[in-house]
Amino acid sequence: ELAIKHDPKLNEAHMSLGLIYLNQGEAEKAIRIYFSALENDPLDYRGYFGLGVVYQAMGLNVYAIEAYNEAITLKRDFADGYNNLGICLSREGYFDEAVLAYNAAIKLSPEYAEAAHNNLGIARQRLDQHEEAIQSFTEAVMLKPDYAKAHYNIARSFQILGQQDDAVLSYKKAIFFEADFDEAHYGLGSVLGSMKQYEKAAKS
């Protein structure tokens, strides 16, 4: 804050202070700081990204989508912007657009692609594209073998497709990597019950 008072056009300080306010739960102050940064430099993509993060945290996904779109318009190779955009698009039900955003994030930033692949798979699940979803989740677990949520998501798609044995195997993998994963235990019990393996279902 002292740095901003000393030099109001020091956008680095604006970005840092906006994040501090957000972490302290002072969203309105964070928004004012990011708008101030954009007044200093309307082409600074970080200001729009900061606004997007705040709006996303507040559950204002429509505003977050607008902010993230501005950010990636200014910086086309901004993987974080595409990934966060995909999350907000999914939350608003725009799954086709979310798929495009996640694919862009994956291409731009392979080093954190496991999360983007998992998010892409979720969007494809919502579109009832379960075979494609399994492909995305599989990419995620290839990058991060202990990714319990991705194993769980694979199991859900297998279950919907009626591939019960594969679903059981994936639910068990999710539980292996995260023993207290309640949804995976429930899912496993559900599949085993549908297979009339009631004793195993009771133990899951």
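Of the 204 residues in the protein, 47% are buried (under 20% relative accessible area; exposed means over 50%, partly exposed in between, with a 1.4 Å probe and protein chains only). The model is predicted: local features need pLDDT of at least 70, side-chain atom pairs count only at pLDDT 80 or more, and totals for chains, interfaces and linings use all residues. Residues are numbered from 1 along each chain as its sequence is written, and side-chain values use heavy atoms, with hydrogens and water left out.

**Figure 1. Overall fold of the protein.** Along the principal axes, the C-alpha atoms fill a box of roughly 70 × 30 × 25 Å. The accessible surface is about 11,200 Å², and carbon and sulfur atoms hold 52% of this surface (Shrake-Rupley method, 1.4 Å probe; for residues, only the protein chains shown count as cover). Among contacts with a separation of 6 or more, 41% join residues 24 or more positions apart (a contact is heavy atoms within 4.5 Å).

Figure 2. Helix α3 covers residues 27–40, has 14 residues and reaches 20 Å from its first C-alpha to its last, close to the 20 Å expected at 1.5 Å a residue (the expected span is 1.5 Å times one less than the number of residues). Its buried residues fall within an arc of 160° seen down the helix axis, so they line one face of α3 (the arc is that of the directions from the helix axis to the C-beta atoms). Ala 27, Ala 30, Ile 31, Ile 33, Tyr 34, Ala 37 and Leu 38 are buried in this helix. An α-helix has 3.6 residues a turn, so residues three or four places apart point the same way. Glu 28, Arg 32 and Glu 39 are exposed on the other side of α3.

**Figure 3. Salt bridges.** The structure contains 4 salt bridges (a side-chain nitrogen of Lys or Arg within 4 Å of a carboxyl oxygen of Asp or Glu). One of them joins Lys 29 to Glu 26, with the closest N and O atoms 3.0 Å apart. Lys 29 is partly exposed at 33% relative accessible area, and Glu 26 is partly exposed at 27%. Another joins Lys 75 to Asp 77, where the closest N and O atoms are 3.1 Å apart. Lys 75 is partly exposed at 26%, as is Asp 77 at 46%. Between Asp 146 and Lys 144 the closest N and O atoms are 3.4 Å apart. Asp 146 is partly exposed at 41% and Lys 144 at 33%.

**Figure 4. Nonpolar surface patch around Leu 60.** Met 58, Leu 60 and Tyr 63 make a nonpolar patch of about 280 Å² (patch residues have over 30% relative accessible area and no salt bridge; like charges are joined within 9 Å, and nonpolar side chains, Val, Leu, Ile, Met, Phe, Trp and Tyr, within 5 Å). Leu 60 sits in the loop between α4 (45–57) and α5 (61–74). Leu 60 is partly exposed, with a relative accessible area of 31%.

**Figure 5. Surroundings of Asn 118.** Asn 118 belongs to helix α8, residues 113–126. Asn 118 is buried, with a relative accessible area of 5%. Leaving out residues up to four places away in sequence, Asn 118 touches Phe 137, Ala 140, Tyr 147, Lys 149, Ala 150 and Asn 153.

Methods:
Helices (H or I, at least four residues) and strands (E, at least two) are DSSP runs, numbered from the N terminus.
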